[in-house]
Structures are given as structure tokens and as C-alpha cells.
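Hello,

I am passing a structure on to you, and I hope you enjoy looking through it. Please open it first and keep it beside you while you read my notes below.

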Amino acid sequence: MRPVPTAPLAIMELGDADFAAGIDGQPCVVVAFRTPGVAEWTAFAPTFAAAAARHPDVRFATVNVARSPALAAQFDVRATPTLMIFCSNIVVFANPGALPAEGLEQVLAGVRALDMDEVRRQVANVDPLVVGDGAVPASAPLAAPADDLAIEAHLRAPLRALLPELAARLSAGGLVAIRDAFEPEFAERMFRSLDECTAWRVHDGGEGDFHYHHHNLYDNAAFPQDLAWCSRIFDSAATKDWVTRMSGRPCPGPTEFSASWYLPGDHSLPHNDVAHSEGAFSRQVAYVWHLAKNWRPEWGGALYWCSKGCYLPPTFNTLWLFNVGPESNHFVTHVSPYARGKRLAINGWWTGAGAVGERAWKGPEHIRGDGAEIVVY
């Protein structure tokens, strides 16, 4: 491993050949993806070196993206410097751009506060970090018939009698929360699929006043087996018929399906989801299926519904639905550096060719039945 001239005793330089060895098995590794000679890195390097000197028990390393473009591509590094922190082979922090010394110290304090025993329990079955081949650990297929692709078949039975009452609420612009939405076996299986996955990639971007930074699975080829199976359920003709009945909007287009993991610092600023999809289709109905376990509200990562001023922390097995339109403004609040759980979700949009609406529901409102409840905001 090649030492960096600015701090030869404290900072290692990693490349394609030794990156996995430098990360694997380490309790905490702070990695700066850098481009030598770039002004922002030149200005940040002393801050990085000083932090390394203050934290001798933490491994600090850099990656020269000019020498290791494959590594930069694997971790979706789009700007340098980009700072990533690995704990037990898992990216727990990622940020493009330089941090001030105080900000870096705050991040490191948050990482130190993580319950690593809990993290290790959660990822006990995850394969060691593999560099280059993007391998994803396989899981057994869901124990369900291959042709059982209707989303209704996996919703809890007590909810099904309440669902016809959703149409008017969704059509009017309401945000619908279906608590304990899916059968427990299905929800647990999809949680394990995301929890064990190692193919997450950071996505950062935006335009104007909108910005996002979070970790996702967008590439179908990288989906774990169970997640790929779930995508077929959300994209099935039977499910699209169900969404059309529930929302009042025809949704025959391709379903946009992905998964997200919001790590400390991740966020998504206010937006309304109005956007074109494939071909002549546009986003019609949004869904977010939260799979975070034991998540505390003070950790952030909440869905904030702007029109009603509702702060809605993620709760396990809650399915959120809303019709996309100019008034469907919302955002995901920053995840705290002290968060200790995994803010996991399956999310996306059903698409169609119709125009989006502009009316807003005046809730909140409750729809209750025997052992089931739906909330409309």
C-alpha cells in the first residue's frame, strides 16, 4: 500500500489491487476519493490529515480516482473529494465535497456512537466486500407460486375490505398510510433481502433548489433474487389494475421500481415527483413501502408531507401512497449521524398517460375496520 506524502504514517493510499484488503475486517475506515492537483482536494487534504492524527485508532485512506477509475465507478463517485466511511464493510457515511474540520469531527462522533454489535448482528450473513465484480449474495426465492403476482394477494386480509374507500382520498390528493400493510412473512422476507444486500450505490444530484443524496438499488441486474421477484409483483398487470381502481388514474405504463437505504446525512429536499417516465408515460401514483425496524423518530429520515405539515417517521411495513401532482410536495428529512438502525424502503411510481391532478385532500382522516386502520393526510 502506497503512503500519501502529506501524512505517511497516518494515511494509506488504496487502489484496485489492495482496496478490499484495506477495508475488509476493519472496524472503521475513512476513505477520501481524491484527484491530485484539484484545488478542493488540496484545500481539504490538511483537514483530512489532521483528523487522521487526532484519531489514531481509525484507519484513514485515500483513493486516487485517476489511477483507480473502476473503484470510483463502483462507488458512484462523481465529484472529488468524496468522503466515505466504512464500518464492518458497510458504507455508513458518504458525502461528495470537502467538509470543514468541525463537520468532519461531528461525522466521526456520530460514527463512533453507532452500536457496532447491532450492526454486526444485522449483517452477519453478508459476504465480505468484493471489489470489481459487483457480486450480490443470493437468497432463496419467495415461497409463493410464480404466477401469484397480484399485490392484493400479499396485503393483510383485514385491510382488503377497507381498500375500496381509498379511491376518493387518493383522487383528491391525499397521502395514504396503510399500516401493517403486507403479510408478515412477505414483509420480513423483503426486509432480509435489503438488509443482506451489498450492491447499494450512492446517488447525489438535483437542480435549482432541489437536491438529494441517498443510497439506492436502481439497476435490475443488481437486485437480490427476492427483490427482483417483488418488482414483478409491483409491475404486474393485476397490480396495475388494482392501482387504477384505488387511485382513479389509469396506470398501464412501466412501473418504476427501486429500493433505498438512507444512511446518516442522506436526505431528499422538497419535490412533488412530477416527471416523465418511459415513452409517453408520466408518474401517476407514488408508493413508499417502509421496511425500517425499530426506527426512532429523532433519527430523521422521515417523510414530511408539506401541504399538511406532517412529520411522518418510517415505521416497519407501512405502505404510503399518493397521486402525483403539483401539490404533492414532500421531502425526506436528513438522517441523523446518531442513527443506529437501517432506514430501508422499497419505492417508486406507477405510470400512465393521463394528466396529473391539482386538488388536495383536507384530512387527516381514519378508515377503520376489524383489526386494520388506514390514515389519510
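This is a predicted model: local features need pLDDT of at least 70, side-chain atom pairs count only at pLDDT 80 or more; totals for chains, interfaces and linings use all residues.

Residues are numbered from 1 along each chain as its sequence is written, and side-chain values use heavy atoms, with hydrogens and water left out.

Salt bridges

In general, side chains of opposite charge can pair when their charged atoms come close. A salt bridge here is a side-chain nitrogen of Lys or Arg within 4 Å of a carboxyl oxygen of Asp or Glu. The whole structure has 12 salt bridges.

One of them joins arginine 54 to glutamate 105, with the closest N and O atoms 2.9 Å apart. This pair links distant parts of the chain, as arginine 54 is in helix α2 (residues 39-54) and glutamate 105 is in helix α4 (residues 101-112), 51 residues apart. (Helices, H or I with at least four residues, and strands, E with at least two, are DSSP runs numbered from the N terminus.) Glutamate 105 is partly exposed because its relative accessibility is 26%.

Another salt bridge brings together arginine 245 and glutamate 152, at 3.0 Å from N to O. Here arginine 245 belongs to helix α10 (residues 237-247), while glutamate 152 is in the loop between α5 (116-122) and α6 (157-160), 93 residues apart. Arginine 245 has a relative accessible area of 45%, so it is partly exposed. Glutamate 152 is partly exposed too, with 30%.

Shared partners in salt bridges join Glu13, Arg34 and Arg67 into one network.

Aromatic rings

Rings of Phe, Tyr and Trp (its six-membered ring) pair if their centres lie within 6.5 Å; planes under 30 degrees apart count as stacked, over 60 as edge-to-face and the rest as tilted. The count is 21 aromatic pairs. Phenylalanine 186 and tryptophan 289 are stacked, at 5.3 Å centre to centre and 25° between the planes. Phenylalanine 186 comes from helix α8 (residues 184-195) and tryptophan 289 from strand β12 (residues 282-290), 103 residues apart. Both of these residues are buried. Ring pairs also link a cluster that includes Phe186, Phe234, Trp289 and Trp350.

Nonpolar cores

A nonpolar core is a set of buried Ala, Val, Leu, Ile, Met, Phe, Trp, Tyr and Cys residues joined through side-chain atoms within 4.5 Å. The largest has 92 residues, and Phe234, Trp289 and Trp350 are among those with the most contacts inside it. Helix α2 gives the most to this core, with 7 residues. A second, separate core has 14 residues, including Leu303 and Trp305.

Cysteines

How many disulfides are there? With a disulfide taken as a pair of cysteine sulfur atoms within 2.5 Å, the count is 0. Cysteine 197 is buried because its relative accessible area is 6%, and cysteine 310 is buried at 13%.

Best wishes

Conventions
Buried means under 20% relative accessible area, exposed over 50%, partly exposed in between (1.4 Å probe, protein chains only).
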